[in-house]
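Work through the exercises below with the sequence and coordinates open. Each task is followed by a stepwise solution.

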Amino acid sequence: MVCPEQLPPTGIQVIIVGAEGIGGLACAIECQNKGHSVIVLEKFPKLEILGDIISFGPNAGRIIERWGNGLVADRLRPITLNHTGSTWRRFDGAEITKMRTHGLKFGSPMYNGHRGEFHEIFFNFAKETGVEIRLGQRVEEYWEEPGKAGVIVNGQRMEADLVVGADGVRSKARKLVLGYDDKPHSSGYAVWRTWFTSEELAKDPLTEWMTKGDTHTGWFGPDVHFLAASLKQGKDISWVCTHEDKADIEESWSFPGKIEDVLKVVGDWDPVVQTLVKKTPPDTLVDWKLVYRDPLPTWISKGARTCLLGDAAHPFLPTSIQGASQAMEDGVVLAACLHAAGKDRVPLAVRSYERIRYERCRRAQRLGETNRDTWHKADFSTVLEKEKAGGMKLPTPPWLFSHDSETNAYRVFPQVSKDILAGKYGSEEIGNQTGICEKKLTTVSAPVTKQAEVGA
Ligand SMILES: Cc1cc2nc3c(=O)[nH]c(=O)nc-3n(C[C@H](O)[C@H](O)[C@H](O)COP(=O)(O)OP(=O)(O)OC[C@H]3O[C@@H](n4cnc5c(N)ncnc54)[C@H](O)[C@@H]3O)c2cc1C
C-alpha cells in the first residue's frame, strides 16, 4: 500500500486550486491521508518540470519523511544536495566562514534540489495515494454561499465543503477572501537564477572542483549575494544572484536574464564567480523580480469556506529559505484541523488553521528580511575578522526547524477551537459552525511589516 497512514473517510469534500505548486500538492496529500475527499484543479495542461533550486527545511523534511512511510524521502534522496557544509566567501573570494550541515540535529533532514524534479515526485505520489488531479482547468471565479463554496472552471460550476486557493502569488482566490484586489509593490531586488549541467565547468581549472561532488558556496558583497550549488555528484549546477533592481514590476515578474547584465554586477568578483556566470548557457538564465505585498489581514473568507494557502497567503523572500516549507506546513495543519473538527464544523477547522499558522508564518517570513539585511549590509572591509563571531551564518532556530506541524496541530486544536467558539478573537467569529459565520477582516492581528513575493 502506497499510503499506509491513510485514515477512514471523513466525508469532507475539498477543492484545491494549484497542482503545479508545492503548497497545493502537499495539502492534497495531507487531506487524502486524513480521509477527506480531494479534487485538485490546475491550469497547466500537463505536468511541467519548472524552476531551479528549492529548499525544504527540517520542519518540512519531517512531513516528507512521513509520506508513504519514507517512500517519498527514498525517491528524493538521490537527487538531493548531499554535501557536508557550505563555505561563505567575500565577493573577492576571501573565506568568511564555514557552516556544517545540520544533518539530523533537528530530528529530520533538509532536502535541497531541483524544484521541478521534487515537484514531479510529489505529484506522482499524490496520484498514487488516490488524489484526483485535473489538469488544464483554469479557475475563472471563486464563489461562496452559506454552508458551501466553489469555483467556476471552464464554464462549469463546482462546489465543495471547502475551497483552498493554493494558486500562488497572483492568487485569484485572494479577492474573494479579502474583498478587494491587493497590488504588489517593487521591492528593489530581483534574482538571476539558473540550473544547467556541469560539462563546461569540469573543463575549467577554476570550477572543476565543483563538478567532483556536491558543494554549496556563497559569495557576499554590498547589496548583492551569489549562491552556487553542485548536485547529483557535481553533474548539475545551480546558482542564484540576488541584486538591486529598479525595473517596473507591473505585469510580468520572470524575464529571460542576460549574462552581460550579471557581469555588470559581479564581473570583478572572485574569478570562480565570473567563470560560473560566463559558462552559464544563456537560455537557462531568468531574472526573477521580488515584489512586496502588504501582509494579508486574513487568509480566510467571511464564511470560512474558502481559504488561502502557501504563496497565495504569504509570499516569502528567498533569503528566508522557508517558502516551500511553510506552504507544506499550511497543508498539514489545514488537513489535521478538518480531521479534528469533522464535516459539521468545517468553518471552525478553517478558523483554527489560520489561528495556528498565522503568527508562526509571519515569524518565518521576517527571517527572510533579517537574513537579507545581514548579508547585504555587512561591513565588507571588516567582515573577515568580525565573522569569527558567526554573525553572517544562517540562523537555525529550533522553534522553526524542530517544529512538528502535525503533532502540534492536533495538540492545540482543542484549545484554539474552544477559544474561537468562546469569542476570544472577537464575537463575530462565533457564528454558526455548520453554516456561514460573519467575521470581520481584521480578526487576525499582525505586525505591519511587508511580505515578500516569490520564494525560497
Ligand atoms: C513556475 C514556478 C517556478 C518556481 N521556481 C522556484 C524555484 O526555482 N525556486 C524556489 O525556491 N521557488 C520557486 N517557485 C516558488 C515556490 O514554488 C513557491 O514559493 C512555494 O513552493 C509555494 O508554492 P505554492 O504552491 O504556494 O505556489 P506556486 O508554486 O506559485 O503554485 C501555484 C499554482 O497554482 C496554479 N494556478 C494559479 N492560478 C490558477 C487558476 N486560476 N486556475 C488553476 N490553477 C491556477 C499555478 O499554475 C501553480 O501551479 C516557483 C513557482 C512557480 C509557479
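**Exercise 1. Classify Gln322 by accessibility and find where it lies in the chain.**

Step 1. The relative accessible area of Gln322 is 1%. Buried means under 20% relative accessible area, exposed over 50%, and partly exposed in between (1.4 Å probe, protein chains only). Gln322 is therefore buried.

Step 2. Gln322 sits in the loop between β18 (306-308) and α9. Helices (H or I, at least four residues) and strands (E, at least two) are DSSP runs, numbered from the N terminus.

Step 3. Gln322 and Ala60 are 262 residues apart along the chain, yet their C-alpha atoms are separated by 8.9 Å.

A note on the source: this is a predicted model, in which local features need pLDDT of at least 70 and side-chain atom pairs count only at pLDDT 80 or more, while totals for chains, interfaces and linings use all residues. Residues are numbered from 1 along each chain as its sequence is written, and side-chain values use heavy atoms, with hydrogens and water left out.

**Exercise 2. Summarise the whole chain: how many helices and strands are there, and what share of residues counts as buried?**

Step 1. The chain holds 13 helices and 19 strands.

Step 2. Of its 456 residues, 59% count as buried.

Step 3. Take the contacts (heavy atoms within 4.5 Å) between residues at least 6 apart in sequence. Of these, 77% join residues at least 24 apart.

**Exercise 3. Describe how α9 and α13 pack.**

Step 1. Two packed helices are described by the angle between their axes and the distance between the axes. Axes are lines fitted to C-alpha atoms, for helices over the stretch in contact, and angles run from 0 to 180 degrees between N-to-C directions.

Step 2. Apply them. The axes of α9 (residues 323-341) and α13 (residues 405-421) come within 9 Å, and they cross at roughly 35 degrees.

Step 3. Assign the hand. The crossing of α9 and α13 is right-handed. A crossing is right-handed if the near helix is turned clockwise from the far one by less than a right angle, and left-handed if anticlockwise.

Step 4. List the residues that meet. From α9 come Glu329, Val332, Val333, Ala336, Cys337, His339, Ala340 and Ala341; from α13 come Ser405, Glu406, Ala409, Tyr410 and Phe413.

Step 5. Sort by class. The contact of α9 with α13 has nine nonpolar, two polar and two charged residues. Ala, Val, Leu, Ile, Met, Phe, Trp, Tyr, Cys and Pro count as nonpolar, Asp, Glu, Lys and Arg as charged, and the others, Gly among them, as polar.

Step 6. Check another residue of α13. Lys418 is found in this helix and counts as exposed at 54% relative accessibility. Lys418 and Ser352 are 66 residues apart in sequence and 9.5 Å apart in space, C-alpha to C-alpha.

**Exercise 4. Where does Asn69 lie, and what is its phi?**

Step 1. Asn69 is in the loop between α2 (58-66) and α3 (71-76).

Step 2. Asn69 is not a glycine, yet its phi is positive, about 55 degrees.

Step 3. Asn69 is exposed, with a relative accessible area of 63%.
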